[in-house]
Amino acid sequence: MKIPFNKPFIIGAELRNIRQAVREGHLSGDGPYTRRCHRWLEERLGAKRALLTHSCTAALEMAAILCDLEPGDEVIMPSFTFVSTANAFVLRGAVPVFVDVRDDTFNLDERRVEAAVTPRTKVIVPVHYAGVACEMDALMALARRRGLLVVEDAAQGLLAEYRGKKLGAIGHLGCLSFHETKNVISGEGGALLVNDERLVARAEVIREKGTNRVRFFRGEVDKYSWVDIGSSYLPSELVGAFLWAQLERARAINAKRAGLCAAYREGLAPLAACGVLALPRPEPAGATGNAHMFYVLLKDRATRARLIAHLRGRGIHSVFHYVPLHSSPAGLRYGRAAGPMTVTDSVSARLLRLPLYYELGKPQVARILAAITEFFDRG
């Protein structure tokens, strides 16, 4: 049987919750299940306010609006990230300024960020790659010194930590994803975490199409009307119903994935010792990951292509990751690189992600490991 790279899964009461939502007759946004998800995120992660969105892209777009950007303002971010990280800010007229990543975590290199700051800089966007934390203390200290906002792209980081704080709840704003490729899923889906009290009220307005509808439902105004820019960022209650069942089992999901990552690491250790591939480095001091992905670094792009083809021939789907934004057509048009992108270019050419999903079993991992070993044994 084929082993996919990812497989969506049901772990508990997802379908029962959906049936209940239908019976209760509330299928639009912000129903009972959505509110439960909000409370869970606020209590477990420590956010001032959590708001479900229909995607992490939507959460990033809301964050960009909340940053009050003007055309030509600059936003510092890594190039080794998904397009939504940049696109959300480009839509507001801002310029992405790409900074190279560290060679251990592939996160934004905090040592290079200050040199990229100009009088037009307004925001720093750390992306927690593979659910491993950026050096947030250094980034937050820089933001305080220079009067900048920090928007965490924690799409991959649910329940991962940095020095005892949950990712997404450290910066002024944080963005999560519940896409079917993430640890905890709802098909599509995301959340905006508002950690700065000053931004909470406006975030509620932006999410409700620019109206003060939330205040109306709380009885704070006698009618609601258009008061700001915004859009329809609410997900259906069916999304909240599915997600609630997954959030209830979030720690178990991460624990299962951690076991699979440990099996990969143990099985690939002999190849790493021979120098034919490199494994993910240990998490930095103060960082606790969430086993979002398992990857290997290969010698070069050609070796990666041959290994992908070898695994595909044995029914195993492995994939590379981001094409760097700084060298993409839109990145060249809308953004600019601040300094060399040496690590970004190298990692992008050599990184290979292995299958990792909740229903993956140890026998399947053993099959994947055997196929990789066979590839290198053949030379």
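Here are some worked exercises on a predicted model of a protein.

**Exercise 1. Overall build**

Task: Work out how many helices and strands the protein has, and how its radius of gyration sits against the globule rule.

Solution: 
- Start with the count: there are 14 helices and 14 strands in the protein.
- Next, take the radius of gyration, which is 21 Å. For 379 residues the globule rule gives 21 Å, so the protein is as compact as a globular protein of that length.
- For the outline, the C-alpha atoms fill a box of roughly 75 × 55 × 35 Å along the principal axes.
- Then look at burial: 58% of the 379 residues count as buried.
- Finish with the contacts whose separation is 6 or more: 70% of them come from residues 24 or more positions apart.

**Exercise 2. H2 against H9**

Task: Find the angle at which the axes of helix H2 and helix H9 cross, then say what the crossing is called.

Solution: 
- First, locate the pair: H2 covers residues 32-45 and H9 covers residues 237-247.
- Their axes come within 7 Å and cross at roughly 45°. Angles from 65 to 115 would be roughly perpendicular and those under 35 roughly parallel, so H2 is oblique to H9.
- For the hand of it, the crossing of H2 and H9 is left-handed.
- Now pick out the residues that touch. H2 brings Pro32, Tyr33, Thr34, Arg36, Cys37 and Trp40, while H9 brings Glu237, Gly240, Ala241, Leu243, Trp244 and Leu247.
- Sort them by class and you get eight nonpolar, two polar and two charged residues.

**Exercise 3. H3 against H7**

Solution: 
- H3 runs over residues 56-66 and H7 over residues 200-207. Their axes come within 10 Å, crossing at roughly 125°.
- Antiparallel would need an angle over 145, so H3 and H7 end up oblique to each other.
- The crossing of H3 and H7 is right-handed.
- On the H3 side, Met62, Ile65 and Leu66 make the contact; on the H7 side, Arg202, Ala203, Ile206 and Arg207 do.
- By class, that contact of H3 with H7 has five nonpolar and two charged residues, and no polar ones.

**Exercise 4. Histidine 172 and valine 194**

Solution: 
- Beyond four places in sequence, histidine 172 touches residues including Met140, Leu148, Val150, Val194 and Asp196.
- Move on to valine 194, which sits in strand E9 (residues 190-194).
- Among the contacts of valine 194 outside four places in sequence are His172, Leu173, Lys48 and Ala203.
- Valine 194 and leucine 173 are 21 residues apart in sequence, yet their C-alpha atoms are 4.9 Å apart.

**Exercise 5. Two positive phi angles**

Task: Say where phenylalanine 106 and leucine 159 lie, and what phi each has.

Solution: 
- Phenylalanine 106 is in the loop between strand E3 (95-99) and helix H5 (110-116). Its phi is positive, about 65°, although the residue is not a glycine.
- With a relative accessible area of 3%, phenylalanine 106 is buried.
- Leucine 159 is in the loop between strand E5 (149-153) and strand E6 (161-162). Phi of leucine 159 is near 75°, again positive in a residue other than glycine.
- Leucine 159 counts as buried too, at 8% relative accessibility.

**Exercise 6. Proline 4**

Task: Which residues does proline 4 contact, leaving aside neighbours within four places in sequence?

Solution: 
- Proline 4 is found in the segment before helix H1 (14-24).
- At 30% relative accessibility, proline 4 counts as partly exposed.
- The contacts of proline 4, leaving aside neighbours within four places in sequence, are His317, Pro355 and Tyr357.

How values were computed. Residues are numbered from 1 along each chain as its sequence is written. This is a predicted model: local features need pLDDT of at least 70, side-chain atom pairs count only at pLDDT 80 or more; totals for chains, interfaces and linings use all residues. Side-chain values use heavy atoms; hydrogens and water are left out. Axes are lines fitted to C-alpha atoms, for helices over the stretch in contact, and angles run from 0 to 180 degrees between N-to-C directions. Helices (H or I, at least four residues) and strands (E, at least two) are DSSP runs, numbered from the N terminus. A crossing is left-handed if the near helix is turned anticlockwise from the far one by less than a right angle, and right-handed if clockwise. Contact means heavy atoms within 4.5 Å. Ala, Val, Leu, Ile, Met, Phe, Trp, Tyr, Cys and Pro count as nonpolar, Asp, Glu, Lys and Arg as charged, and the others, Gly among them, as polar. The radius of gyration is taken over C-alpha atoms; the globule rule is 2.2 Å times the number of residues to the power 0.38. Buried means under 20% relative accessible area, exposed over 50%, partly exposed in between (1.4 Å probe, protein chains only).
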